[in-house]
Amino acid sequence: MLSYLPPAYMTLIFVYGTLKKGQPNHFRIQPDQANGKAEFCGHARTVERYPLVIAGNYNIPALLNRPGEGQRVQGEVYKVDNTMLAFLDAFEGCPSMYQRTLAQLELQDWEGGEQSPTAGSIMEAFVYSTTSYQPAWLKQTFYESYDAYGDHGLTYINRDDKRRTGYGF
């Protein structure tokens, strides 16, 4: 007897910080993780400008939910299954620390399989941004692209180190 399994629902997520390729938490969205499934689709940048800051005691990249201010933020688009989406919500402290909201993105390239949008096309994906920030963060440098190893001199403190000292901004 053949059984039919419907395809898993996949959600588009835009990552701009430590989950990007080459960054300290990228391993969390790699294949064969218990966290669920994530598939790299391509590079994009936000249509709206947002303040992307490196903030708090742990130098966490934070996208402040203030559309129209800051830079057009560069990042990566992933398709994730419901298990990965739930993991990412927990990882990002959603909804208390970050909120998952839809953002419009300008696609730079696409490797996402059956869907083949072209460079320059506009698409929507979820992004983790925050309304929980200190007013002084609006006076910090706004970045277009985050790199934990960049020349900004703000060393990211990983999650395991945060558990020992307390988590948060």
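Guide: Strands here are DSSP runs of E, at least two residues long, numbered from the N terminus. The model is a predicted one. Our strand is β5, residues 74–80.

Start with Gln74, which lies in β5. Is Gln74 buried or exposed? Buried means under 20% relative accessible area. Gln74 has 18% relative accessibility, so it counts as buried. Its side chain makes a polar contact with the side chain of Gln108, at 3.0 Å. Set aside sequence neighbours within four places, and Gln74 is in contact with Phe14, Tyr16, Lys20, Ala44, Arg45, Gln108, Glu144 and Ser145.

Pick up Tyr16 from that list. Beyond four places in sequence, Tyr16 touches several residues, including Gln74, Gly75, Val73, Tyr98 and Tyr128. Leu52, Pro61, Ala62 and Leu63 are also among them.

Tyr16 leads us to the core. In soluble globular proteins, nonpolar side chains tend to be buried together. Here the largest nonpolar core has 44 residues. Phe14, Tyr16, Val77, Val80 and Leu88 have the most contacts inside this core. The most comes from α1, with five residues.

Now move to the loop between β5 and α1, where Asp81 sits. Asp81 has a relative accessible area of 15%, so it is buried. A polar atom of its side chain lies 3.2 Å from the backbone nitrogen of Thr83. For the backbone nitrogen of Met84, the distance to a polar atom of the Asp81 side chain is 2.8 Å. Asp81 also has partners from elsewhere in the sequence. Leaving out neighbours within four places, they are Tyr9, Met10, Gly36 and Lys37. Look at Tyr9: Tyr9 and Asp81 are 72 residues apart in sequence, but their C-alpha atoms are 6.0 Å apart in space.

Finally, go on to the loop between α1 (82–91) and β6 (99–107), where Glu92 is placed. UniProt, in an unreviewed entry, puts the feature "active site" at Glu92. With 13% relative accessibility, Glu92 counts as buried. Apart from neighbours within four places in sequence, Glu92 is in contact with Leu19, Met97, Tyr98 and Tyr128.

Definitions and conventions. Residues numbered from 1 in each chain as written. Predicted model: local features only at pLDDT ≥ 70, side-chain atom pairs only at ≥ 80, totals over all residues. Heavy atoms only, no water. UniProt positions renumbered as here; feature names shortened; annotations may be inferred. Helix = DSSP H or I, 4+ residues; strand = E, 2+ residues; numbered from the N terminus. Buried < 20%, exposed > 50% of the residue type's maximum accessible area, 1.4 Å probe, protein only. Contact = heavy atoms within 4.5 Å. Polar contact = N/O pair within 3.5 Å; in protein donor to acceptor, adjacent residues only side chain to side chain. Core = buried A, V, L, I, M, F, W, Y, C linked by side-chain atoms within 4.5 Å.
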